[in-house]
Amino acid sequence: MPPDTLPGDAAVQPIHPLRAPFSHLASLWIQVTGTWCNLTCTHCFNSSGPRDPWLRSLDGGTVLRAIREAEELGVKEIYFTGGEPFLHREMLPFLEAALAVAPATVLTNGTRIREATADRLAALAAASRYSLEVRVSIDDVDEAANDRIRGKGAFAKAMRAIRLLTQRGLLPIVSASEISMTGGSADPEQGMYARLRRMLIEHGVAKPRIKIIPVFRMGRLEPPGELPLLTPEMLEGFDRSTLMCSETRVVAQGGVYACPILAGLPGAKLSDGSLREALTPSPLYHHACVTCYETGMACKNF
Amino acid sequence: MRIWSSPTPYERVALFGGIYSNHLALAAALTDAADRGAEALFCLGDLGAFGPHPDKVFPLLEKTGAIVMQGNYDASLASGRDDCQCGYTDPRDNHFARLSYQYTFRNTSAANKAWLGTLPGALRFRVGRQFVHCCHGSPRLINEFLWESTTPDALLRRFLDQTAADVLCCTHTGITWERRLPDGRMAVNVGAIGRPENDGNTHVWYALLTAGREVGVEFIPVPYDHEALAAEKEGEGIPGEFVETIRTGWWTTCLESLPAKERARGRF
């Protein structure tokens, strides 16, 4: 699906009246494999998959330039995402380059992490003064329920990655969307966190770390028809600096974008490639902006 | 933001943050710093949280003439907010953060809350010829965590440029670290005087800065009667998780914000 026909992007205006101010570059995201993924999750917000990715992988020069420019701009953290980042042949060298200048995080489905990759990741983490975070996605503590969303075998492979990383002293962050399990409980011991925590402890993870992400009704979940957008009334009195687009930018095919959720969409594009030029207020034009506004969603680790 | 500054340079100063109502550790640190010849005492904020009888720390600070700036907890208490601005997402962390804040809010007098509202947002002074800028979280955000493993050199250079300082001091994370950059400038996280730093030791820490060609930094461990504090917490009905940290030196709550390297060093 080419980016210019993605549902939800039709409302782009040349100068959108609602914007989030840019405060500082807390995080650089690099969409290193575009929307190329070896899984086809039913809820994927950017419709990543194995065939004909609408957003292509980045070349090494683009990635290293982005890291250099971000360092010059005083970036605090660097994230790699996709698609599945470990499909990129240069993923480990990219992590090494990032860890030379800042803490780095890679978001992965875990399926490509076997012993050799886990060893390399552990070596990279040990060699850097900065933290390396590996965020492994699962969507349910129940294997069958998880695999209905993420594909057959996805749970076992993700848990293998979590085990291999844990055995090497890395502390993976388990990332789960609210697509299958719902948080919903007032009792902190019964909600989604607690269930994930219990499952991880049962699998030998002594220090469970969990990140929960709301569901974005876009990509494969895009419903027919138009979804509500932010309005000036909604933003009255709302602190826009709490939105992640006020402190993050994403380098992806075609340029620099406002946030990881909207990477690749023309309406979220802020420059053709210069990070510095993209540090401007970003348009709050998409219905996904409503999700961030309502949930306080932030893609960063914590 | 109001900035407190001193026109007179110091030879030796003590800096501490995160008192968290630990009046026993505070008293021990203040005495220790005086014994070591500190000419001034700087508190980088967060007087309350976790601990018993929050009003007990105020007279100690007043008596010793400590210069105090505002932390996120102080800002919340002063403005009557219903949360500590700690920003946790894990319901377990939020549960404990809420209990801690509600207890502190209930037990801090109106006069002390009002005083917290008058505190400056940054401190500036010289140690010898070097300019020191003190913030609570970071120079740009009161509740930003500057952990050792998540604070890039380039970001520190930027902060030092923006604040026109040779030494940047902060707290908020509760774990000490220092880093000297190749150009001689440096950053110091002074740690917290209110709870041990998640290494299995029960003592707490403050920092001494001493004038020299480059500012000398020394982290001072402060043993104190932690059993008495633990008992006082229990007497106030403060959750056992907080008491356990005081008795064991391991953090049991609010672990979410710890990056991988720092989390790996703790027990939980």
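Visitor: At what angle do helices α7 and α8 of chain B pack, and how far apart are their axes?
Guide: In this predicted model, helix α7 (residues 226-235) and helix α8 (residues 240-248) of chain B pack at an angle of about 175°, and their axes lie 9 Å apart. Because of that angle, α7(B) is roughly antiparallel to α8(B).

Visitor: Which residues of the two helices meet?
Guide: From α7(B), the residues are H226(B), L229(B), A230(B), K233(B) and E234(B); from α8(B), they are F242(B), V243(B), I246(B) and R247(B). By kind, this contact divides into 5 nonpolar, 1 polar and 3 charged residues.

Visitor: Staying with chain B, what is buried in helix α6?
Guide: In α6(B), which spans residues 153-163, the buried residues are L155(B), R158(B), F159(B), L160(B) and T163(B). The elements covering them include β6 (130-134) and β7 (167-170) of chain B.

Visitor: What follows α6(B)?
Guide: A164(B) follows the helix, and its phi is positive, near 50°.

Visitor: Now the cores. How many residues has the largest nonpolar one?
Guide: The largest nonpolar core has 95 residues, and I30(A), I78(A) and Y257(A) have the most contacts inside it. Helix α5 (residues 154-167) of chain A gives the most to this core, namely 8 residues. A second, separate core has 74 residues, among them I19(B), L155(B), V190(B) and A230(B).

Visitor: And what does I78(A) touch?
Guide: Leaving aside residues up to four places away in sequence, I78(A) touches L28(A), I30(A), I67(A), A70(A), A98(A), A102(A) and A104(A).

Visitor: Is strand β6 of chain A buried or exposed?
Guide: Strand β6(A), residues 173-177, is mostly covered, with 5 of its 5 residues buried. Both of its faces are covered: one side carries I173(A), S175(A) and S177(A), and the other carries V174(A) and A176(A).

Visitor: Which strands pair with it, then?
Guide: Strand β5 (residues 132-137) of chain A runs parallel to β6(A) and is joined to it by 3 bridges. Strand β7 (residues 209-213) of chain A also pairs with β6(A) in the parallel sense, over 5 bridges.

Visitor: Last topic: how many residues does each chain bring to the contact between chains A and B?
Guide: Chain A contributes 22 residues and chain B contributes 20 residues. On the side of chain A that touches chain B, the residues divide into 11 nonpolar, 5 polar and 6 charged.

Note on methods: Residues are numbered from 1 along each chain as its sequence is written. Chains are lettered from A and ligands numbered from 1 in the order in which they are written. This is a predicted model: local features need pLDDT of at least 70, side-chain atom pairs count only at pLDDT 80 or more; totals for chains, interfaces and linings use all residues. A nonpolar core is a set of buried Ala, Val, Leu, Ile, Met, Phe, Trp, Tyr and Cys residues joined through C-beta atoms within 7 Å. A residue is buried if 20 or more other C-beta atoms lie within 10 Å of its own, exposed if 12 or fewer, and partly exposed in between; C-beta atoms are placed from the backbone. Helices (H or I, at least four residues) and strands (E, at least two) are DSSP runs, numbered from the N terminus. Two residues are in contact if their C-beta atoms, placed from the backbone, lie within 7 Å. Axes are lines fitted to C-alpha atoms, for helices over the stretch in contact, and angles run from 0 to 180 degrees between N-to-C directions. Angles under 35 degrees count as roughly parallel, over 145 as roughly antiparallel, 65 to 115 as roughly perpendicular and the rest as oblique. Ala, Val, Leu, Ile, Met, Phe, Trp, Tyr, Cys and Pro count as nonpolar, Asp, Glu, Lys and Arg as charged, and the others, Gly among them, as polar. Two strands pair if DSSP finds at least two bridges between them.
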